[in-house]
Amino acid sequence: MRIDILTLFPEMFPGPFSASIIKRAVDGGLVSLNIYNIRDYTHDKHHTVDDYAYGGGAGMILKPKPIFEAVESVKGEDTCSVILLTPQGRPFSQSVAQELSRHDRLILICGRYEGVDERIREHLVSDEISIGDYVLSGGELAAMVVVEAVVRLLPGVLGSEESLAEDSHTDGLLEYPQYTRPAVFRGWSVPEVLLSGNHAQIAKWRREKAIRRTKERRPELLDRVSLGKDS
Ligand code: SAM
């Protein structure tokens with residue numbers, strides 16, 4: 001997979017992209033992550049990317065021309081999803097991450113200031129994604145969230161020690177409680193069943209705990225899950 005990110009702050013990306021699972025995926029050639037500075041697609045000596053809003057109001061708006069030129073140059077003749085990160089987009093979720101992980105190529109546009117000229121939404125992007133109902137100062141952290149969630153789903157990225165199948169939200173449920181050694185810590189014991197070696201009983205216990213935890217914390221998630229007769 002290839003992911004291209006258009007930003008005014010390319011210096012924000014190397015940190016999160018050069019550690020742990022993302023670094024391993026890049027080093028292993030499973031994903032290519034490319035960062036482009038939108039200012040490189042301006043033609044004036046001040047590299048202007050923003051301007052005042054027509055109609056007045058506080059804050060600056062990202063101009064259409066540099067972003068159109070950046071996307072057109074990076075995309076070339078390919079057809080690929082061009083995604084604007086915006087608090088007005090469709091909510092990001094595990095199922096959206098799964099959907100995006102099936103693409104060969106994505107282009108992510110990070111907004112800044114008061115946002116982007118509406119013609120970018122209307123005539124350039126094919127998708128708009130929000131990472132939550134709050135407002136960040138820029139789309140960079142949102143792009144990192146999307147990349148992190150998508151890349152770990154790509155075939156071969158997670159090693160056998162990391163499991164996707166039972167992660168929270170993968171099957172619509174929150175994950176069951178997890179324990180590691182010691183079996184007793186400060187007097188608090190690990191549930192007996194997990195020490196039993198009885199895999200069927202362990203699987204049943206985990207399923208029950210996942211359902212109970214989801215009911216307690218996120219009951220609205222259960223509307224979308226088929227629980228079968230064990231609910
Ligand atoms: N005035 C805009 C509005 O009300 O929709 C918000 C602009 S925000 C200060 C600047 C940029 O941060 C946005 O253009 C977007 O790229 C990014 N951003 C902010 N919150 C976001 C969110 N929840 N999800 C994705 N991107 C976000």
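The following dialogue explains how to read several features of a predicted model.

Me: Which domains does the domain assignment give for the protein chain?

Reply: Domain bounds come from an automatic or database domain assignment. Here the assignment gives domain 1 (2–151) and domain 2 (168–224). Their C-alpha centres lie 37 Å apart.

Me: How is a helix read, and what span does helix H3 reach?

Reply: Helices (H or I, at least four residues) and strands (E, at least two) are DSSP runs, numbered from the N terminus. The expected span of a helix is 1.5 Å times one less than its number of residues. Helix H3 (residues 64–75) has 12 residues, and from its first C-alpha to its last it reaches 16 Å, close to the 16 Å expected at 1.5 Å a residue. H3 is followed by Gly76, which has a positive phi near 60°.

Me: Which residues of H3 are buried?

Reply: An α-helix has 3.6 residues a turn, so residues three or four places apart point the same way. Buried means under 20% relative accessible area, exposed means over 50%, and partly exposed lies in between (1.4 Å probe, protein chains only). In H3 the buried residues are Pro66, Ile67, Phe68, Ala70, Val71 and Val74. They pack against several elements, among them strand S1 (2–7), strand S5 (81–91) and helix H5 (118–123). Packing here rests on contact, meaning heavy atoms within 4.5 Å.

Me: Is Ile129 buried or exposed?

Reply: Ile129 is found in strand S7. It counts as buried because its relative accessible area is 1%.

Me: Where does Thr214 lie, and what does its side chain reach?

Reply: Thr214 lies in helix H7 (residues 199–217), and it counts as buried because its relative accessibility is 0%. A polar contact is a pair of N or O atoms within 3.5 Å; within protein, one must be able to donate a hydrogen and the other to accept it, and residues adjacent in sequence count only if both atoms are side-chain atoms. The side chain of Thr214 reaches the backbone oxygen of Ala210 at 2.6 Å. Beyond residues up to four places away in sequence, Thr214 touches Gly172, Leu173, Leu174, Pro219, Leu221 and Leu222.

Me: How is a residue in a loop described, taking Glu175 as the case?

Reply: Glu175 lies in the loop between helix H6 (140–151) and strand S8 (184–185). Glu175 is partly exposed because its relative accessible area is 22%. A polar contact of 3.4 Å joins its side chain to that of Gln178. Among the residues that Glu175 touches, not counting those up to four places away in sequence, are Glu166, Ala210 and Arg213.

Me: How many residues surround the ligand?

Reply: A residue is near a molecule if one of its heavy atoms lies within 4 Å of it. In this model 20 residues surround the ligand, and the closest are Leu85, Gln88, Gly111, Glu114 and Tyr134. S5 gives the most to this shell, with four residues. A nitrogen atom of the ligand is 3.0 Å from a polar backbone atom of Gly132, and a nitrogen atom is 2.9 Å from one of Leu136.

Methods:
Residues are numbered from 1 along each chain as its sequence is written. This is a predicted model: local features need pLDDT of at least 70, side-chain atom pairs count only at pLDDT 80 or more; totals for chains, interfaces and linings use all residues. Side-chain values use heavy atoms; hydrogens and water are left out.
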